[in-house]
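I opened this entry to keep a record of what I looked up, in the order in which I looked.

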Amino acid sequence: MVLAYISLPAMLCPFASVVDRLPCFNILLRQERSACRPGHEAGGVAVRRSGRSRGAFVWALALALLAPGVEGCLFNRAQLNVVDLEQRVADVVPGKTRIEEVERKIGGPATSITPLAEGKLLYAWTFGDTKTAGLTLIVLNISRTNSGIDTALFVVDSDGVVQSQKIGQNSKDLRWQWWAFGD
Amino acid sequence: MTESAWPRRVAFLGVLLLSAPLGCAFERVVINEGVRSLDPGNIVVGRTDHLGVLRELGLPPPEFPEEVGTRGVARDYLRYGVFESRCFRIGFEQVLLISPFRWCTRFRPYELGVAFDERGLVTGVYEMHRDGVWPPFRGEDDLPPPVVRALQGSMQ
């Protein structure tokens, strides 16, 4: 964080009036500060001014390159198929709702259909959610990914009417966690 | 600053730049943690059939998104598992150099299993717990064996 704070004003070096108001820059880069404003410098040797300007530029470039590697947070999310499947089929009534209606509510065909005894069929839709959080530092990166993959199953009788349903809860209320250790 | 000080400063900055992307990483992936909260209490050995278990616990979730739709429903054993992977690496990814210093372990810290006989009736419900390690700091040889217990039925 500190280096990021430093490097940003360092990149603003040409805008001396802005940079001068940033205390961090003034304290840590006070030697280079004057090089941003060669016209205001007491020393008048052209070669020396050029060297200082180049030095400030190298510092600014180095700090700007370092800053992203110093500190950062990572958030990533991946959703699999219909994440709000449970809400979409909330009004399915076993013994009444037909499987075609379920397909229409979900918005697509089942992931798999398995034949059961007595002409019944098992329709299954798969969905899920994945959340990754992390802390990235120069010497240490820590990340944790929590993933939940669920299956919504519907047992359908030979007439195509839903007999029962069961919707997985693995992906429900999945937590963002960056600490990789412990339980 | 004099011209003679330049090489030292450039060298210092070079070392700083090269060392910046170097870092070690601990990466943990936990899949289907929610399986731990499944309650097999209503499953009765010798009475509940295959479909009854599916109605009670749902389908065993795939362990990876890539597995979705690729596996059928097993007839003799349903496995509800939590899957976990732990990786430790030392990398130079930020300068697009992939280093070989990467240690990973993959295991199932928890598993709920339901076994069936040839008639499709439940013969046993099992639970398994296993500890994990962070390689290379600890090897799997240091681990105690997984703890398996029968919630219902026989373990034979």
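I am working with a predicted model, in which local features need pLDDT of at least 70 and side-chain atom pairs count only at pLDDT 80 or more, while totals for chains, interfaces and linings use all residues. Residues are numbered from 1 along each chain as its sequence is written, and chains are lettered from A and ligands numbered from 1 in the order in which they are written.

**Chain A**

I began with A:Val93 and found it in the loop between α6 (85–88) and α7 (99–106) of chain A. A residue is buried if 20 or more other C-beta atoms lie within 10 Å of its own, exposed if 12 or fewer, and partly exposed in between, with C-beta atoms placed from the backbone. A:Val93 counts as exposed because it has 10 C-beta neighbours inside 10 Å. From A:Val93 to A:Trp179 I noted 86 residues in sequence and 42 Å in space, C-alpha to C-alpha.

For the chain as a whole I listed 7 helices and 5 strands, which follow one another as α-α-α-α-α-β-α-α-β-β-β-β. Of the 183 residues in chain A, 30% are buried.

**Strand pairing**

I then followed the strands, taking two of them as paired if DSSP finds at least two bridges between them. Within chain B, β1 pairs with β2 (residues 77–91) in the antiparallel sense over 9 bridges, with B:Ser85 as the partner of B:Val29. Next, β2(B) is joined by 12 bridges to β3 (residues 102–116) of chain B, again antiparallel, and B:Leu78 stands opposite B:Val114.

In β2(B) I also looked up B:Cys87, which counts as partly exposed because 18 C-beta neighbours lie inside 10 Å. I count two residues as in contact if their C-beta atoms, placed from the backbone, lie within 7 Å. Leaving aside neighbours within four places in sequence, B:Cys87 is in contact with B:Glu27, B:Arg102, B:Trp103 and B:Cys104.

**Contact between the chains**

How many residues does each chain bring to the contact? I found 33 residues from chain B and 39 residues from chain A. On the side of chain B that touches chain A, α1 (6–19), β1 and α2 (50–57) each supply at least two residues, and the largest share, 9 residues, comes from β1(B).

**Cores**

Last, I looked for nonpolar cores, each a set of buried Ala, Val, Leu, Ile, Met, Phe, Trp, Tyr and Cys residues joined through C-beta atoms within 7 Å. The largest has 31 residues, and those with the most contacts inside it are A:Tyr123, A:Ala124, A:Trp125, A:Leu153 and A:Phe154. At least two residues each come from α7, β3 (121–137) and β4 of chain A and from α2, β2, β3 and β4 (122–129) of chain B, with the largest share, 6 residues, from β4(A). Neighbours within four places aside, the contacts of A:Leu153 include A:Leu122 and A:Gln165, and also B:Leu54, B:Gly58 and B:Leu59. I noted a second, separate core of 5 residues, among them A:Trp59 and A:Leu63.

Conventions:
Helix = DSSP H or I, 4+ residues; strand = E, 2+ residues; numbered from the N terminus.
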